[in-house]
Amino acid sequence: MGWMAHVLTWCMCLGLWCQVCEVGLADAALPEYQVKALFLLNFTKYVEWPPIAFAASDTPITIGLSGESKLGEALKSVVAGKTIAGRAIVIRQVESPEELSQCHILFISGAESSRYRQIIDKISALPILTVGEDAAFAQNGGIINFVLKNGNVRLEIDLSAAKKAGLTISSRLLAVADVVKGKAD
Amino acid sequence: MKISIFRPSPIWKWILAGAGWGLLLTATLAKTADTNQPAKSSSDLTDMTLEQLVNVKVTSVAKEQTDLFTSPAAISVVTSDDIRRLGIASLPEALRLVPGMDVAQINANEWAVSTRGFNAEFGRDLLVLLDGRTVYTPGSSGVYWDSQDVVMEDLDRIEIIRGPGATLWGANAVDGVINVISKSAKDTQGLLLSGSAGSVDQDSVTVRYGGELATNLYYRVYAKRSDLSDYIDTSGKSAGDAWNSSMGGFRADWEPPSHNVLTLQGDYYYNETVQSIEQVSLAPPAAYSVRQSEYDQGGNILGRWTRNFSDSGQMTLQTYYDHVEQNTGFGIEYLNTYDIDLQDRFSLGSWNDFVWGTGYRYQAVDDSPTFELTWTPQTQHIRLFNIFGQDDIKVVPDRLHLILGTKLEDNSLIRWEAEPNGRLLWTPTENQTVWAAVSRAARTPSLFELDSRLNAVAFQPPPPSPPALVSIFGDQNNTAEKLLAYEVGYRVAPVKNLSFDVTGFYNVYQNLLIAVPNPTVIETSPSPTHLLISSTYLNAGSGDTYGVELSSQWRVVDNWRLTASYSWLGTRLAPESDYAQSPQQQFQIRSYLDLPCHLELNGAIYLVGRSTGPLATGFDEIPSYVRADLGLIWSPRQWWEVGIWGQNLLQSEHLEFSSQETPALTDVPRSVLGKVTVRF
């Protein structure tokens, strides 16, 4: 029985130690692409699309990914099984212009920094939330840009571009973002 | 190892255990009830609120990592994570991690750093840049490492290129280039306090604060003070090499959301050391050591404008002023440097990436003469103009690149030098890279090898001979040392979490500067009349070096990484006895293990083969040694962490270097270092 008490005591010590530490987990760092994937999921909740963007009330929300990024895999596990207001979420790697226009959210990775302006020019009037991660993305017609600041992912929003696309961005999302262009109504 | 623990009697044990399990249960329940805490699993992460998301710290896979894998040069990077995990407190110690790099600590305040041979206190073939500012000193052609302190927490990375980098970096980038790159002020926001103390008194305190002055205009200011105590020399006495350093500085970055980045930064430092100085006299003839308090100080200010063009072009304009007052052991050397550089990178069609640049540097070096060391002229003006161009031609897109370029450099000391290179890069598949390079590089003779006279030793031969003086002269007709280097490299990542890197090189040196003996003559001045036994630095040496450098990185599991490297070096230099022998073989293995509860266990073992100083000067052989470091870091919260490291754990002390410039042999001791870091 003696050894058992020892094992139990050590398990307890280990357990207590982990409990004490566990509190700190909120502080744990996450991979950059995972945080961005979580933001994309949140955008589906805090952005309102015009009715014409969806064929039916259960038409899924399509998130298109342009350019190579580790974000795709993370996004798949983040949205797995999630529905937003009765809509499923579909993720699609997009290449052709036709595919672009079928998206509700289009994430353009940093690997596309040389040609994202051409993409935006093509779709800026369509109800598509363009999201990027290039330094001047939100200055060049993109709607939401991820910027790294002091080890955090922060958001830049161009409200005039959102308006042009017919999208409404909730005040909750605006509260945590920097509006770089346009004004909230 | 036997661990003794508190052994309570059986009844107390059960009561304690009961209480413990009770506590554990309560804690678990309390935690479950606390719904504000986002938990670890991926499904729960999706419950994180927007407010939590903007505040979570992120870890990034740097773009450089993929660039490194497909680079046509022997390049490695020491990251800020490496530095933090191993508790590294100085730049030369950080360079130990680089495959094939020979880092030897001479004493508490001096290091010898070199690669691919020519191990010397002034690692003469290695160019070192701190945020684009050269710290290579023209007087003795090397780096005073003790004067190159930085805030380790503010370093972004150290990029090391082994082999010539002269086409881009210019003269003296012969055997390697070290680029120390600090973080943008944008990434060092908030307050940082860090303090460390060690068993050999490596006490250091750093305060840094970063803020945002206006939208997109970030700044940081810092102050750092370090005190290091004496090491012990090989005879068991205090080596008298204690030193302290005080420094402060700032950096401001303006990063407007256009494509421009403007940087302004500056530092000032003041170091005090106690050093053994060799003194010489003719009446009576003698050479003796004196302990002397020394000080070094310096400051610099640098401005840089980077403009990124959307079509993958980039232009950088940089200028700086640097002032150094360095005690050389023979009085103070004043060095003022003014430098301006322009670099422009652009695409020419879809086949060519072109980079060109030009720069001008003016340096004034002033040494006060002593009996031991005199300079002619006493103040030397060095004017350096360069222009370079390099084209990266995509022969087969994504598969085969040919890189051709050259630098033309006009140094007022030695006139024009051309430093061309040609490189071939083949990426047969996404997980393999093959590269080959032929390059030419030059090392400008140091002012010591051009303009100086060093009276090294005086002694009395048997009478009736007059006293004798042993001197070494520089010669103003000396020209640059030349290197023609052939390199090949192969990188492969057979699976995602394992990669190998192997580089082979063959270096042919010409015009190496060595001290050639002169006939003994009678000299009347300085009086008394004496025998002059002298030698003169001349471009009389030549030879070749060759070697292999292997390294491997293996992510065994998500929270455990291993890095290993091995290097082998062969030298065939003539005359052999005039050169220091670098270790022929080096091996190292590092392990980074993340444990539960925010603990990290990190360790490193270094095996270094034997080395010697130049045989001609009768210096000792340094036996091979094994060095082991082990450290544990606990970071319970994002805002504070504490670490403890044991360094040189295997032996109570060991010798790493014997130097011509610093004759006293000093052991590197075993030490324990503790450090607390707080961030707000």
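This is a predicted model: local features need pLDDT of at least 70, side-chain atom pairs count only at pLDDT 80 or more; totals for chains, interfaces and linings use all residues.
Student: How many residues lie between strand 16 of chain B and strand 17 of chain B in their hairpin?

Tutor: Residues are numbered from 1 along each chain as its sequence is written, while chains are lettered from A and ligands numbered from 1 in the order in which they are written. Strands (E, at least two residues) and helices (H or I, at least four) are DSSP runs, numbered from the N terminus. In the turn of this hairpin B:Gly349 has a positive phi of about 65 degrees, and the number of residues between the two strands is three.

Student: Which residue of strand 17 of chain B stands opposite B:Ser347?

Tutor: Two strands pair if DSSP finds at least two bridges between them, and 16 bridges join strand 16 (residues 332-348) of chain B to strand 17 (residues 352-367) of chain B, which run antiparallel. Opposite B:Ser347 stands B:Asp353.

Student: Which residue in strand 19 of chain B is the bridge partner of B:Val355?

Tutor: Strand 17 of chain B also pairs with strand 19 (residues 379-396) of chain B, in the antiparallel sense and over 15 bridges. The partner of B:Val355 there is B:Gln390.

Student: How many of the 15 residues of helix 2 of chain A are buried?

Tutor: A residue is buried if 20 or more other C-beta atoms, placed from the backbone, lie within 10 Å of its own. Helix 2 of chain A is mostly covered, and the number of its residues that are buried is 13.

Conventions: A residue is buried if 20 or more other C-beta atoms lie within 10 Å of its own, exposed if 12 or fewer, and partly exposed in between; C-beta atoms are placed from the backbone.
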